[in-house]
Structure formats: C-alpha cells, structure tokens
Amino acid sequence: MPLTLTVVTPERSVVEGVPAESVTLPGEGGELGILPGHAALVALLGVGIVAWTSGGRRGSVAVRGGFVQVADDAVRVLADHAVPRDAVDVAAARVEKAAAEARRLTVSGSEELDDANAEAAFADARLAAAAAPEKA
Amino acid sequence: MANLIDIRRRIRSVKSTQQITKAMKMVAASKLRRSQERVLAARPYARTLEATLAAVLTRVAPREDGTPLHPLLETRPAKRALVVAVSGDKGLCGALNTNANRATGQLLRDLTARKLAVSLVVLGRKGVDFWKRRSVPIVDARPGIFQRFDYQTAARIAREIGTRFTSGDFDEVWVVYNEFRSVLSQVVEQRRLLPLALPAAAADAGDALYEPSAEAILSRLLPRNLEFQLFRVLLEANAAFYASQMTAMEGASKNAAELIDSLTLTYNRARQAKITKELIEIVSGAEALE
C-alpha cells in the first residue's frame, strides 16, 4: 500500500492526498526518509525540500518550518511556508536569496541571524525544487 | 398632487442610488467568494493541526510539580484581561459591526464584574472608531487590517498577544468576532484564547516516534495553534463582513426598487389627473362659449 502525501499551509493546501512510494522530508535534525509501513512519527521540520516519487515521477515542494505527522501510511506535512515546484518564481527566489545573504552580514541579534539564514535556505530550497528533475 | 417634475427628479435619484447598491452587492459577492475560499483553504490545516496536537498530548506526561507544560497553558488567578475585538473595516453591512461592538461591551462588563481590569486589542476600522472614544485602554489598534492580511499578519499579532500573556501583563485573553455561518447568518462569537484550552488527547495514538521530543514539538505546536486560531478568526470575520454587506446591499436594492415602483405609480396618477383636469378645462371652456 503506497503512502498518501498531504502538504498544507495555513493559507492553502499545496499537495492533496497524492499517492507516493517514498517521501523524503527536511527534518529539523536531518533528512527523514519515509517508506510505506513507517512507524507513527511526529517531527519538526526545518528548511528544505519535501520530495516524493510516484510511478516513476518525482514531485517536490520547498518548505520552511512546521511539522510532519506520519500515521497509517498517511504523511501529513503542516508547513509554515510551502512552494510547489511549478509555482517557484526563480527570479524572485534569486533576489530574495541575495537579499537574505546580504542581511546575514549586517544583523546583530542571533534571532535575526537565524531568520536571515532560514530565509536564504528557503530561497535555496525553492531554487533547488525548481531545478529538480521530474523523472525519478 | 405633488409636482410632476419633483417626482421625476426623485425617481431619478432613487434609481442612481439603486445602481450604486447593486454594484456594491456585486463587489461584495465576488469578495465573499474569495474570502469563503480562504476559509475553506484553511480547513485541512486546522484538521491536521488538531490531530497532531491530540497525538502529541497523549505522549507528554504532566509535570510532577503540577506546573503547566507550556507558558501559554498557565492558569493564574485572573486580575487583568485582554479582549481582542474584531469588527469590519467598513460600514454598509447591516448590523454586523454594531453587533460586534455591543457584544464586546457586554464581555467587558462581564469581565469587570469579575473584578478584572480590562484592556482591548481592536482589529478593524469600525471597532477602532468606536472604542477609541471610550475609556477602555487600547493596547493595540489595527484599523484597515482587512484591506490585506495573510497568515503572517495574524501570526505577528498573535505572537505579541502571546508575549503579553506569558510575561504576565494579562491573565486571560478573549476574542469577540463575527463568525461566518452562512451567507444569511453571521453570529457574534466570543471565546477565550488564552490560557489555551487543549483538545482531548487522542485515545489510541499508539506509540509514535517524536523527533526531537514530544515536549519540543508541543512547545512549537502551541504558539502555532494560537497564531492559527487568530488567523481563523480574521478569515471568519472577513467572510462574515462580505456576506453581511452583500445581504444589506441586496435589501437596499430591493427597497430602492419598491420605492421606484411606488413613485412611478404616483407619477402616473399625477400625470393622469393633470390630463383629466386639462380636458375638463377645455370641455367646460367650450361649453361656456355655447
């Protein structure tokens, strides 16, 4: 039985119940790979790409922050921000990345630094998602 | 009989009013559709958030010293309360804003009766206009918030409120807003935001893995939950506003149509009476000549 992947943000559903053979997630402490039959799991998400394969095709969504819940082969991602591959604005992501990297050099507080880092990483993730191959 | 020209002028003026109310109804209808879509789009997240929270709660053991698991859950003897009053940005929407303001006033009185000092956070221009002339201290006022708001807007306000709560500025936080039940029914809702009420722990969450730990996840989930609740309040209030405005403008258009009908009737009657009078004058003039 394949996995069912759902990716939602407070504003909209990005991926709605797509069947998938495997899903990889950017966990906060490192990448998480989910295959069918995975034990129930709740994990914090970092910044990166949620990628899945289904029928020889790959899908990817850039996410920033949030949670993932895995139970009974249903993978539910609650992301703070999520941009699917088709919706990535490459030019805007490049601009944001440059801006965040520039900000990183000037900020003082550690919180601001984390924020700038996360923003740069999210821009990176969007670029990577846009560039990800569609074939598995 | 009223002057014919006067009546004609009135008909014309009512007609142009009707055109405006009709146009406003159409605009409200299209904005209502968009805001309804946003309400619906937030539902999957709500469901998943609730399920995750319920699952995590089964795994987090209560602390042995009885302190709450998270500052946002802390119940203190209540001395100061904060009320988040949500109203529309604009009028021409029936009794919606009045209802919200009245319910807020009632809640403030209830809280004062419990010997609590009250303050306000006011979201929406109509509420701001109403409350700034009164004696209740306003902590934060956001007129025009509904012009453009997204999750981040709600999250920032929620975080601010959360900080005020955890730092002990306020012991209870309430929210009053119009909930969108249907296009025809918007109901004023009030409920307590903080301390957070937890959903019942899921009965059979089984043995799930928690990465990094159930406590760490809970401490992230709870602030997110607060942010999301406020976001939903804004979405509901937004949809309720457009629904109410659409209904109000539809009523206004209908009233204008009725007024036009009755004015047209009066106009025609007056016109007929005038013709009859002229005929009588001609006939009696001719008879006088015979």
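This is a predicted model: local features need pLDDT of at least 70, side-chain atom pairs count only at pLDDT 80 or more; totals for chains, interfaces and linings use all residues.
Residues are numbered from 1 along each chain as its sequence is written, and chains are lettered from A and ligands numbered from 1 in the order in which they are written.

The angle between α1 (residues 4-59) and α5 (residues 214-289) of chain B is about 160 degrees, and their axes sit 5 Å apart. Axes here are lines fitted to C-alpha atoms over the stretch in contact, with angles from 0 to 180 degrees between N-to-C directions; helices are DSSP runs of H or I with at least four residues, and strands are runs of E with at least two, numbered from the N terminus. The contact of α1(B) with α5(B) draws on 33 nonpolar, 12 polar and 13 charged residues (nonpolar being Ala, Val, Leu, Ile, Met, Phe, Trp, Tyr, Cys and Pro, charged being Asp, Glu, Lys and Arg, and polar the others, Gly among them).

On to the meeting of the two chains. Chain A brings 19 residues to the contact and chain B brings 24, with residues in contact if their C-beta atoms, placed from the backbone, lie within 7 Å. On the chain A side, β5(A) gives the largest share, 4 residues. That side splits into 10 nonpolar, 5 polar and 4 charged residues. β5(A) also pairs with strand β6 (residues 209-211) of chain B, in the parallel sense over 3 bridges (pairing takes at least two bridges found by DSSP).

Key
Two residues are in contact if their C-beta atoms, placed from the backbone, lie within 7 Å.
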